[in-house]
Amino acid sequence: MAVLEKGSKKLLNAWAFYDWANSVYTLTIASSIFPIFYSTLFLSEIKKVSAFGFEFKSTALITFVTAFTFLVVAFTSPILSGIADYVGNKKNFMKFFCYVGGLGCIGLYWFNLEHIHLSLLFYFMGLIGYWGSLVFYNSYLPDIAFPEQQDSISAKGFSLGYIGSVILLLVNLAMVMSQDDGADKMQMMRYSFLTVGLWWILFSQYSFYFLPKGTSSGHKVTRAIVFNGLKELRLVWKQLKQDLRLKRYLYAFFVFSMAVQTIMLIAVYFGEEEIAWGGDSEKTMGLIVSILVIQIVAVFGAVLTSKASSKYGNIKTLIAINFIWMALCFYAFFMETPLQFYIAASIVGLVMGGIQSLARSTYSKFLPETEDTTSYFSFYDVAEKIGIVIGMGIFATIDQITGSMRNAILFLFVFFLAGILMLFRVPKERVEN
């Protein structure tokens, strides 16, 4: 096969198509059907499970495992991406994580409480496979697209991912709702995990066929190369500390981001456990519909946020959005009915896409003049992942100790308040320390 030139339409489409392949994981496994399946495994009176020598509340256990996975991603991604760039085989790394993730999703078909450790291993594989492959997928963008093409092809990838994931989720929802018996519904959920794994692996082949392997350097991987990525992050941090505006913004981002990401990752578990649904069918349909509402509203939220930031400025808009998130935490502590949950889901969708896109673009605007943007954004990504680990860890600990997710989500109120106070301290202009 002839190597496609940088910027060619076929190469760009092949890259964007990986979003179609892997986005089904986030919608079906991370956000909707698996959380419902996991929660249904536990009787309403028994929400405890023994694992790793301890007894955990079911929601606390899955939150701890998720936090641990993000910790692994945070520390390994800069090392692996550095190695991949050095030896020129990022496609092999991307393939590896894709297959690990896809096989993990397939393995969830056999998820059960009798073999909880193996079951959690499959969950871990799916989560680390998704985020691990994303590191290398994103790093391809400057390799396959010219600067003037990157915004449009990145948006196309997002659109393909959204369309593909919604299509498969609707198919999975139809499968689950076609059954009346609870056990049959659970079996259909297991089949949906198979469809996600197969979809992810099979559709990714189109991207793998056209994406370049990378430029081989012919060098062997040494100890110095392995830890080069971490050294780069340390150098970036030293440079960031010289810029007061960027440093204060990063502190604020770290605090409010850990709360945002935690809420997004536990939302369905909270809805399943804390909301008074009329029955299993209403609960399944209601939770999945709420996820779809979040996805659709998030698109409009991102547009509104973009317009607000252009009129009022990035920092003022971020402060306003954080106030909304803070109010949501307070509201979630008291909500009990499905209608209240739908209202919360709509508001989450409105501010979810907006705060993520605006936080990243604000960081980009605050960066000093540099050609090494990759290292700066690698630092940003690692900070975000470590924030998720801390946020999920605190949430799971409060949930485990108090026995209520309501207490845990109310505590996130503090993080948003702290983030707002920190954003107020961000200088309007760049200030050297």
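Let me start with a term: a residue is buried under 20% relative accessible area, exposed over 50%, and partly exposed in between, using a 1.4 Å probe and protein chains only. This is a predicted model, where local features need pLDDT of at least 70 and side-chain atom pairs count only at pLDDT 80 or more, while totals for chains, interfaces and linings use all residues. Residues are numbered from 1 along each chain as its sequence is written, and side-chain values use heavy atoms, with hydrogens and water left out.

First, the overview. The protein chain has 15 helices and two strands. Helices here are DSSP runs of H or I with at least four residues, strands are runs of E with at least two, and both are numbered from the N terminus. Of the 433 residues, 54% count as buried. Contact means heavy atoms within 4.5 Å. Among contacts between residues at least 6 apart in sequence, 82% join residues at least 24 apart.

Now the strands. Strand β1 covers residues 48-51. Its covered face holds Val 49 and Ala 51. Its uncovered face holds Lys 48 and Ser 50. Strands pair if DSSP finds at least two bridges between them. β1 has four bridges to β2, residues 54-57, and the two run antiparallel. Opposite Val 49 stands Phe 56 of β2. The hairpin has two residues between the strands, and Phe 52 takes a positive phi near 55°.

Leaving aside neighbours within four places in sequence, Leu 113 is in contact with Leu 41, Phe 42 and Val 49. Leu 113 sits in the loop between α3 (90-107) and α4 (116-139). Its relative accessible area is 29%, so Leu 113 is partly exposed.

On to the core. A nonpolar core is a set of buried Ala, Val, Leu, Ile, Met, Phe, Trp, Tyr and Cys residues joined through side-chain atoms within 4.5 Å. The largest one has 135 residues, and Phe 34, Tyr 249 and Trp 325 touch the most other members. Helix α1, residues 9-40, gives this core its largest share, 16 residues.

Next, aromatic rings. Rings of Phe, Tyr and Trp (its six-membered ring) pair if their centres lie within 6.5 Å; planes under 30 degrees apart count as stacked, over 60 as edge-to-face, and the rest as tilted. The whole structure holds 42 such pairs. Take Trp 20 and Phe 203: their centres are 6.0 Å apart and their planes at 80°, so this pair is edge-to-face. Trp 20 is in α1 and Phe 203 in α7 (residues 182-210), 183 residues apart. Trp 20 is buried at 16%. Phe 203, at 30%, is partly exposed. Both belong to a cluster linked by ring pairs, with Trp 199 and Tyr 206 among its members.

Last, helix α10. What is the span of its 31 residues? Residues 244-274 reach 42 Å from first C-alpha to last, close to the 45 Å expected. That expected span is 1.5 Å times one less than the number of residues. Buried residues make up 24 of the 31. Within α10, Tyr 249 and Phe 253 lie four residues apart, about one turn. Their rings are stacked, 6.5 Å centre to centre with 25° between the planes. Tyr 249 is buried at 0%, and Phe 253 is buried at 2%.
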